[in-house]
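Have the sequence and the 3D view open as you read.

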Amino acid sequence: MSQAIATNDLDLTQPLANSRALTDEQFMSLPEDGNRYEYVDGELVIVANSGVEHGYLALTLGYFLTGFVRTHKLGVTCDSSTAFKMKTGNKRSPDLAFIAKERLQGLKRLPKGFFDGAPDLAVEIISPNNTFEEIHNKLVEYFENGTRLVWVILPDEECVLVYHKPKPSRLLQLEDSLDGEDVIPNFNLPLSELFQELSF
C-alpha cells in the first residue's frame, strides 16, 4: 500500500516525481496560491499566468459561447480552472471548454470534482510561454478522451486553427467565423468580434 502524501508536504516549486502519485483529493486541495495546475505524466505542472490579452480573449469567447449554449440548452461551458481527468490519470485544463448535455444526463448538479474524460469542445489560447510540443500533446490526449472539436487561438496572428484530430483541419482568418459544427449546432462567431481593436 502506497503512503498517502499530505498536500502540505508537496514542494510545489519542483515537479512531482513520477514515483509519487498525486491522488485526486490532493490535487483538489492544492493551495489557492494564484497558480493553475495540471497533472501530467506523474508531474504537477504549473500553468503560468498568461497576461491581459489572453484573459480578455478567453472571457470574450466565453461570453458569446456561454450565452449561446445556455439559451439553446446545449450543455455547459467551463473556464480554465476546470480539470478534466484523462484515462491516463492526467488532469488537463483547457482555456475554455464545452460539455454537451448528452454527457450530463441524469445529473441535477455538476460534479464538484473532476470531469471524467475530455470536453466535447476544447479551446486553447496560445501564450508566449507555450511550446508546440506541449499543445500537441494536449490535443492528442483530448481526442483520445472524447473531444470532438478543438479551437487553437493564435492572438498575434489573429487567426484560429480548427482541429478534428491532432492535425489541423482548417485555418480561420479575420474574415472567417468560428463554427460550432455538429458539436455546438448553429453557433457562429465572426473572428472580427473576437479580435476587435479597443475603441473607447
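The report below covers the ground rules, a strand and its partners, the cores, a helix, the salt bridges and a few loop residues.

## Ground rules

This is a predicted model, in which local features need pLDDT of at least 70 and side-chain atom pairs count only at pLDDT 80 or more, while totals for chains, interfaces and linings use all residues. Residues are numbered from 1 along each chain as its sequence is written, and side-chain values use heavy atoms, with hydrogens and water left out.

Helices (H or I, at least four residues) and strands (E, at least two) are DSSP runs, numbered from the N terminus. For accessibility, buried means under 20% relative accessible area, exposed means over 50%, and partly exposed is in between (1.4 Å probe, protein chains only).

Two strands pair if DSSP finds at least two bridges between them. Strand S3 (residues 75-79) runs antiparallel to S6, with five bridges joining them. S6 is also antiparallel to S8, through three bridges. Phe-98 is a handy landmark here: Thr-77 stands opposite Phe-98, and Phe-98 also stands opposite Leu-121 in S8.

## Two nonpolar cores

A nonpolar core is a set of buried Ala, Val, Leu, Ile, Met, Phe, Trp, Tyr and Cys residues joined through side-chain atoms within 4.5 Å. In soluble globular proteins, nonpolar side chains tend to be buried together. The largest core here has 27 residues, and those with the most contacts inside it are Leu-61, Leu-121, Trp-151, Ile-153 and Ile-184. At least two residues of this core come from each of H2, S6, S8, strand S9 (149-154), strand S10 (159-163) and helix H4 (191-194). H2 gives the most, with six residues. Apart from this core lies another, of 20 residues, among them Val-76, Ala-97, Cys-159 and Tyr-163.

Which residues is Trp-151 in contact with, leaving aside its neighbours within four places in sequence? Taking contact as heavy atoms within 4.5 Å, the partners of Trp-151 include Leu-61, Leu-121, Val-123, Val-160, Val-162, Leu-178 and Phe-187. Glu-124 and Asp-179 are also among the contacts of Trp-151.

## Helix H3

Helix H3 covers residues 132-144, and its 13 residues should span 18 Å at 1.5 Å a residue; the end C-alpha atoms are 18 Å apart, which agrees. The expected span is 1.5 Å times one less than the number of residues. Ile-135, Lys-138, Leu-139, Glu-141, Tyr-142 and Phe-143 are buried in H3. Just after H3, Gly-146 takes a positive phi of about 110°.

## Salt bridges

A salt bridge is a side-chain nitrogen of Lys or Arg within 4 Å of a carboxyl oxygen of Asp or Glu. By this rule there are five salt bridges. Arg-92 and Glu-141 form one of them, at 2.8 Å from N to O. Because Arg-92 lies in strand S5 (residues 91-92) and Glu-141 in helix H3, this pair ties together parts that are 49 residues apart in sequence. Arg-92 is buried at 6% relative accessible area, and Glu-141 is buried at 7%.

Glu-124 forms a salt bridge with Lys-138, their closest N and O atoms being 3.1 Å apart. Glu-124 lies in strand S8 and Lys-138 in helix H3, so the pair ties together parts that are 14 residues apart in sequence. Both Glu-124 and Lys-138 are buried. Asp-120 and Arg-148 also meet in a salt bridge, at 3.2 Å from N to O, and a network of salt bridges links Arg-103, Asp-120 and Arg-148. Asp-120 is buried at 3%, whereas Arg-148 is partly exposed at 34%.

## Loop residues to look up

Is Pro-128 buried or exposed? Pro-128 counts as exposed because its relative accessibility is 84%. Pro-128 sits in the loop between strand S8 (121-125) and H3, and its C-alpha atom is separated by 9.6 Å from that of Gly-51, 77 residues apart along the chain.

Lys-73, in the loop between helix H2 (52-71) and S3, has a phi near 50°, a positive value in a residue other than glycine. Lys-73 counts as exposed, at 67% relative accessibility. Glu-181 also has a positive phi, near 50°, and is found in the loop between strand S12 (177-179) and strand S13 (188-190). Glu-181 is partly exposed, with a relative accessible area of 23%.
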